[in-house]
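Subject: Structure handover

Hello,

Here is the structure we talked about, for you to open alongside this message. My notes on it come after the structure itself.

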Amino acid sequence: MNITIPKQKMLKYLSYTDTIASSKTTVPVLSNVLIDVSEKNIFFYSSNLETGIKVSDTVKTDEDGSLAVNGKKLLSIVRELPDDDIRLTTDDKNRLTVRSESKAINAEFTIAGVSKEDFPKINTEPEEEYIQLNPAPFKEMIRKVIFSVSSDENKYSLTGIFLEKNNGDISMVGTDGKRLSLVSRKQKDLEIPKDTFYVPYDGVIIPKIVLNEIVKFSFEEKEKLYLGFSKNQIFFKYDNINLVSNLIEGKFPDYKKIIPVDREKMFTADRKFLYNAIKRVSILVEESYNQIKLNISKDKLLISSQNPTLGGAIEEIPIKYGDEDIEIALNYIYLIDCLKEIGSDTVKIDFEDSERVLTVCGVDEEGYTNLIMPMKGGI
Amino acid sequence: MKMMEKNRTIVHVDMDAFYASVEQLDNAEYRNKPVVVGADPKNGKGRGVVSACSYEARNYGIHSAQPISRAYGLCPHAIFLRPRFKRYTEISNKVMEILEGFSPVLEQISIDEAFLDCTGTQKLFGSGEEIAKVIKEKIQGETGLTASVGVAPNKSVAKICSEIAKPDGLMVCLPGMEKEFLEDLSLSYLWGAGKKTIRKLEGMGFSRIGEVGRSDREMLEKGMGKMGLHLWLLANGIDEREVITRHSRKSISEEITFQKDTDDGELIERVLFQIADRLTRRMRDLRIAGRTITLKIRLEGFETFTRSKTLERAVSSMSTVRDEATRLFRLFEREHKKVRLIGIGVSNLEKGEQLDLFSETDETDSETEKVFDIMKGLYGDKITRGAFLKRPPDK
């Protein structure tokens with residue numbers, strides 16, 4: 001291989017591959033990025049065995065070739081080089097040499113790599129047709145549920161977002177077993193061409209890491225996102241990137257069953273007001289379990305925190321409520337996370353008693369619901 | 001071990017005939033009348049026990065833990081009521097809030113009882129006796145109920161003081177007077193000594209606390225083990241146990257020594273079941289939950305082992321604690337040695353237990369437990385949980 005590529009491009013592509021590459025030392029080859037050049041096309045690949053990414057571009061090529069080298073090291077080297085083109089060459093001993101074409105510095109880096117054959121093969125094309133959609137509302141849906149997704153590997157089926165077709169609408173659900181976020185949007189909201197949308201099985205669980213990549217990516221105006229499926233994989237195509245991931249196997253809990261209906265007790269509050277008050281009061285929570293208390297009474301909400309070694313805080317805000325007094329203890333982060341994402345000036349919180357699930361949603365926002373389980377007991 | 005401060009001021013506050021007093025407070029027509037809170041007497045045919053009764057009812061010989069049918073027989077015209085735990089808890093919380101105002105070192109030991117360590121608060125509130133007076137006034141002023149208060153240099157004596165002072169009383173035992181104070185009291189005042197222990201002491205020829213205090217310590221230890229030493233110390237007015245606040249509590253545990261060393265696995269698992277039940281009931285009373293479950297096991301020859309398992313979240317449910325403890329017991333290799341003692345501890349305590357959205361088993365569990373706690377309140381320890389006495393084998 002002997003090519004030149006602009007530094008900024010290479011930096012960008014390596015940072016994409018870096019987030020997917022595995023940091024697990026058990027399979028060292030996965031910490032590599034595979035650079036594959038043939039006929040003016042360059043591809044960067046990385047994988048963690050479950051998720052893979054391919055970034056494509058065209059470059060000035062003097063000689064084709066390929067090599068997989070440590071992605072983090074290569075990224076660090078490129079970051080330090082001047083803003084000119086970078087020349088990459090390989091030799092017959094599987095070594096990659098990196099030089100800047102800039103006159104400003106005279107430095108050479110050599111990294112030992114492994115051949116393409118030793119790098120896992122990444123298939124980036126789905127068996128089924130791609131579904132075209134508008135990335136902006138799709139990203140918004142992800143953002144509205146991803147914070148609830150579990151990071152606990154013991155609850156494997158909860159470590160991804162559940163995507164399903166729900167009465168023709170598209171739904172995403174994230175939960176860690178203590179809280180749950182559910183968002184539903186119409187196909188036309190996502191500008192999906194008629195009769196093209198489908199989700200295999202009765203819904204799929206998509207690993208968080210893939211969707212995080214989509215959320216992070218800044219799409220150009222009018223740029224489309226393509227979504228596709230194979231038997232147990234999901235594919236995304238956008239810009240010059242292909243993402244592929246194994247779907248999470250396992251059964252997603254029957255979340256519809258736990259969504260309360262016809263609740264009578266509820267209050268409404270100004271979203272920003274409530275959010276800011278909780279932020280203030282939470283400064284003094286005991287950090288090991290982040291508990292705040294909500295004392296709900298007629299048109300008045302008392303939010304309080306207590307920290308046995310530090311002190312405590314209490315704040316009163318006006319709400320609309322007319323039922324009996326009730327005290328509910330919960331993890332303030334659960335509330336903060338969803339209040340941030342609710343697209344409505346007024347929020348509605350309904351509940352039954354201090355040990356049952358609370359529902360949080362926007363008064364003027366349809367199709368977005370958050371469930372939060374309270375804490376039992378408290379300081 | 002922390003050095004004991006000399007002359008602590010321990011205050012024990014005990015609400016008078018709590019459930020019955022709350023009923024009399026909420027229903028003016030019950031005042032000055034015998035009120036019995038407990039199971040339905042069903043015209044004398046009812047089963048179950050008295051949970052609490054007013055002092056008027058006590059005059060008829062009614063007392064708590066008595067069969068409700070017997071209470072009905074003693075005073076059929078008494079007002080018999082079912083307990084309203086939600087209301088009692090509400091008032092209890094109010095009382096504890098008041099007490100917290102006097103010292104941060106507060107240990108609630110049941111719904112209507114608490115210890116306060118007021119050592120060092122004298123500058124703020126005056127002597128132990130003065131603090132006790134103000135506490136009584138404040139409780140009566142803010143809840144309308146009376147409490148009895150005992151003040152002493154240690155927990156055991158303070159508790160005995162409030163017991164003697166009942167109802168609506170105040171008793172102080174000054175430092176140095178403990179032994180004298182205990183001298184003529186009957187054995188039933190010894191805190192922690194149950195019926196069996198008292199019978200054993202009586203069998204050894206004791207009838208007053210002072211006699212136990214003057215007895216030979218080694219003889220008691222030989223006869224009754226650790227309990228013997230503990231009682232000997234208490235009888236001498238010595239009790240170094242600290243007032244444990246909810247925040248300072250690091251763990252909670254229960255254990256049982258077998259009367260005879262055993263290698264009957266089924267029996268041991270049955271006992272683990274009992275211990276888990278008792279322990280988790282205490283945890284629920286104290287509103288704490290813990291993440292680490294520890295099995296303590298002592299084999300013949302006094303070798304003691306512990307095995308722990310840390311869970312992902314804090315629990316207080318009987319079935320989880322029992323399951324984990326039993327699992328640890330089954331994994332423990334005791335090389336055919338007999339078991340002398342078995343116990344369960346829960347540590348890594350959290351004061352708030354995060355509830356789960358999906359775990360139905362836990363949900364039903366806590367519902368069952370609520371009902372169960374109420375039933376035990378009504379019918380006493382005769383109530384046993386319906387469960388596989390023999391835990392099914394691990395999957």
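This is a predicted model: local features need pLDDT of at least 70, side-chain atom pairs count only at pLDDT 80 or more; totals for chains, interfaces and linings use all residues.

Chain A

Chain A contains six helices and 26 strands. It has 379 residues, of which 57% count as buried. If you take the contacts in chain A between residues at least 6 apart in sequence, 66% of them join residues at least 24 apart.

One part of chain A to look at is strand E15, residues 225–229. E15(A) is mostly covered, with four of its five residues buried. Strand E10 of chain A (residues 131–133) runs antiparallel to E15(A), and three bridges join the two. In that pairing, Ile131(A) stands opposite Leu227(A). E15(A) also pairs with strand E16 of chain A (residues 233–238), again in the antiparallel sense, over four bridges. Here Phe229(A) is the residue opposite Ile234(A) of E16(A).

Asp176(A) sits in the loop between strand E12 (169–175) and strand E13 (179–185) of chain A. Is Asp176(A) buried or exposed? Its relative accessible area is 13%, which is under the 20% cut-off, so Asp176(A) counts as buried. A polar atom of the Asp176(A) side chain lies 3.0 Å from the backbone nitrogen of Arg179(A). Leaving aside neighbours within four places in sequence, Asp176(A) is in contact with Ser148(A), Val149(A), Ser150(A), Lys155(A), Leu158(A) and Tyr334(A).

Chain B: sheets

One sheet of chain B is open and has five strands, in the order E5-E6-E1-E7-E8, with mixed pairing. Its edges are strand E5 (106–110) and strand E8 (170–172); each has a single partner strand, so one side of each is left without a neighbour in the sheet. Ignoring direction, neighbouring strands of this sheet are turned by 15 degrees against each other on average. E5(B) pairs with strand E6 of chain B (residues 113–117) in the antiparallel sense, over four bridges. Within this pair, Gln108(B) stands opposite Ala114(B) of E6(B). Helix H4 of chain B (residues 85–100) packs on the sheet and touches strand E1 (10–15), E5 and E6 of chain B. The direction of H4(B) makes about 155 degrees with that of E5(B).

Another open sheet of chain B has three strands in the order E3-E2-E4, also with mixed pairing. Strand E3 (50–53) and strand E4 (79–81) of chain B are at its edges, and because each has a single partner strand, one side of each has no neighbour in the sheet. The twist from one strand to the next averages 25 degrees. Strand E2 of chain B (residues 35–38) pairs with E4(B) in the parallel sense over three bridges, and Val35(B) stands opposite Ile79(B) of E4(B). Helix H1 of chain B (residues 18–26) packs on this sheet, touching E2, E3 and E4 of chain B. Between the direction of H1(B) and that of E2(B) the angle is about 120 degrees.

Chain B: helices

Helix H7 of chain B (residues 155–165) is mostly covered: nine of its eleven residues are buried. The buried residues include Lys155(B) and Lys159(B), along with Val157(B), Ile160(B) and Cys161(B). At the N-terminal end, H7(B) is capped by Asn154(B), with a side-chain oxygen 3.3 Å from the backbone nitrogen of Ser156(B).

Two packed helices are described by the angle between their axes and the distance between the axes. Helix H11 (residues 217–224) and helix H12 (residues 226–235) of chain B pack at an angle of about 140 degrees, with their axes 6 Å apart. H11(B) and H12(B) are therefore oblique to each other. On the H11(B) side the contact is made by Arg217(B), Leu220(B), Glu221(B) and Met224(B). H12(B) contributes Lys226(B), Met227(B), Gly228(B), Leu229(B), Leu231(B) and Trp232(B). By class, that contact has six nonpolar, one polar and three charged residues.

Regards

Notes: Residues are numbered from 1 along each chain as its sequence is written. Chains are lettered from A and ligands numbered from 1 in the order in which they are written. Side-chain values use heavy atoms; hydrogens and water are left out. Axes are lines fitted to C-alpha atoms, for helices over the stretch in contact, and angles run from 0 to 180 degrees between N-to-C directions. Angles under 35 degrees count as roughly parallel, over 145 as roughly antiparallel, 65 to 115 as roughly perpendicular and the rest as oblique. Contact means heavy atoms within 4.5 Å. Ala, Val, Leu, Ile, Met, Phe, Trp, Tyr, Cys and Pro count as nonpolar, Asp, Glu, Lys and Arg as charged, and the others, Gly among them, as polar. Buried means under 20% relative accessible area, exposed over 50%, partly exposed in between (1.4 Å probe, protein chains only). A polar contact is a pair of N or O atoms within 3.5 Å; within protein, one must be able to donate a hydrogen and the other to accept it, and residues adjacent in sequence count only if both atoms are side-chain atoms. Two strands pair if DSSP finds at least two bridges between them.
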